[in-house]
Amino acid sequence: MTQRVAILGLGTMGIGMAKNLLKAGFPVTAYNRTRAKAEPLAAEGAQIANTPAEAAADADLILSMVSDNNASRAVWIGDSGALQAAKPATILVESGTVTPAWIVELAALASERKLEFLDAPVTGTRMHAEGAQLVFLVGGSASVLERARPALAAMSRDIVLLGPTGSGARMKLINNFLSGVQVASLAEGLAWIERSGLDREQALNVLKNGAPGSPVLGVVSARMATSSYDVNFLLSLMRKDLHYAGLDAATLGLDLETAKAAESRFASAIDAGYGDKDMSAVIEPLRARS
């Protein structure tokens, strides 16, 4: 019997994930804080809910894909939150990039209501969400994951079980910490290239094909070079992720100095008005100073 899926949050990532669930034949009920953003899914077969509780009421699996701890708290335990409406044995999946501390708290609340829980954030951008090419980083029980696997597989190219509850959330923050630091350093390096008189295309080819080369450098440098800032990964969310990374590392006695420096670069870009652009726009304040 096909699982009935509720998806909470239809932002940059959630909309593509919902569409892929529908394509795979899953009955989907969708909730978004701004209902107008959810309405187009109705034409593709989704039911549109007015509240998270309404979306959750008949679901076998409830997946949240929202921006941060506060938004996650709101859809799960706020007024008309999903947790209060979920049936016993329903699988709850938190796929937003949130702190492990909140994941542990949410898992305990789920357990009290005899609900199953997985933290399963994803790696990838809007394009990966649209193409069902995400990677789920999962914390929780292997047996619960097997029950959730068909729905997760419809949205992804891989599903990695990393360990107990909170493992997926922590791995995602480590992933985004390393990516954010690289993007911030790339912004500085490319601004340096542009001010120096070096041929930008030639210099970027050296970097992409040399030791610094990576998928992130290749994609983001192209966006920076052409000032193409349509959102694949929201700049303001990278700042948030770097902050969360620092908070979690501190619980283990680590001080992420490079995260602080990178967060400062993203904060400057937000102050300059680029918070709702792609993270590659982090270079623009550096250009403005030339």
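Tutor: Let's open with a term: a residue is buried under 20% relative accessible area, exposed over 50%, and partly exposed in between (1.4 Å probe, protein chains only). The model is predicted, so local features need pLDDT of at least 70 and side-chain atom pairs count only at pLDDT 80 or more, while totals for chains, interfaces and linings use all residues. Residues are numbered from 1 along each chain as its sequence is written, and side-chain values use heavy atoms, with hydrogens and water left out.

Student: Is Glu116 buried, partly exposed or exposed?
Tutor: Look at the relative accessible area of Glu116, which is 30%. Because that value lies between the limits of 20% and 50%, Glu116 counts as partly exposed.

Student: Which residue forms a salt bridge with Glu116?
Tutor: A salt bridge needs a side-chain nitrogen of Lys or Arg within 4 Å of a carboxyl oxygen of Asp or Glu. The closest N and O atoms of this pair are 4.0 Å apart.

Student: How many salt bridges does the structure hold?
Tutor: Another joins the side chains of Lys260 and Glu257 at 3.8 Å, N to O. These two residues are three apart in helix α13 (residues 257-271), so about one helical turn separates them. For the structure, the count of salt bridges is 17.

Student: Are Lys260 and Glu257 buried, partly exposed or exposed?
Tutor: Lys260 has a relative accessible area of 45%, and Glu257 has 49%. Because the limit for exposed is over 50%, Lys260 and Glu257 are each partly exposed.

Student: Which residues are linked with Glu284 and Arg287 in a network of salt bridges?
Tutor: Start with the pair itself: the side chains of Glu284 and Arg287 meet at 2.7 Å, N to O. Both residues are buried, and they are three apart in helix α14 (residues 284-288), which means about one helical turn lies between them. The network also takes in Glu194 and Arg200.

Student: Which residue of β2 is the bridge partner of Ala6?
Tutor: Two strands pair if DSSP finds at least two bridges between them. Strand β1 (residues 5-8) and β2 pair in the parallel sense over four bridges. The partner of Ala6 in β2 is Thr29.

Student: What is the handedness of the crossover from β1 to β2?
Tutor: With the strands pointing away from the viewer, a right-handed crossover runs clockwise from the first strand over the helix to the second. Here the chain passes through helix α1 (residues 14-23) between β1 and β2. The unit of β2, helix α2 (residues 35-42) and β3 is right-handed, and the β1 to β2 crossover is likewise right-handed.

Student: Which residues of strand β2 are buried on each side?
Tutor: In a regular strand the side chains alternate between the two faces of the sheet. Strand β2 (residues 28-31) is covered on both faces. One side has Val28 and Ala30, and the other has Thr29 and Tyr31.

Student: Which residues does Lys240 touch?
Tutor: Lys240 is found in helix α12 (residues 235-251) and is buried because its relative accessibility is 13%. Contact means heavy atoms within 4.5 Å. Not counting residues up to four places away in sequence, Lys240 touches Ser67, Asp68 and Thr97.

Student: What is the phi of Ala132 near?
Tutor: Most residues other than glycine have a negative phi, and most peptide bonds are trans. Ala132 sits in the loop between α7 (126-130) and β8 (134-139) and is buried because its relative accessible area is 15%. Its phi is positive, near 55°.
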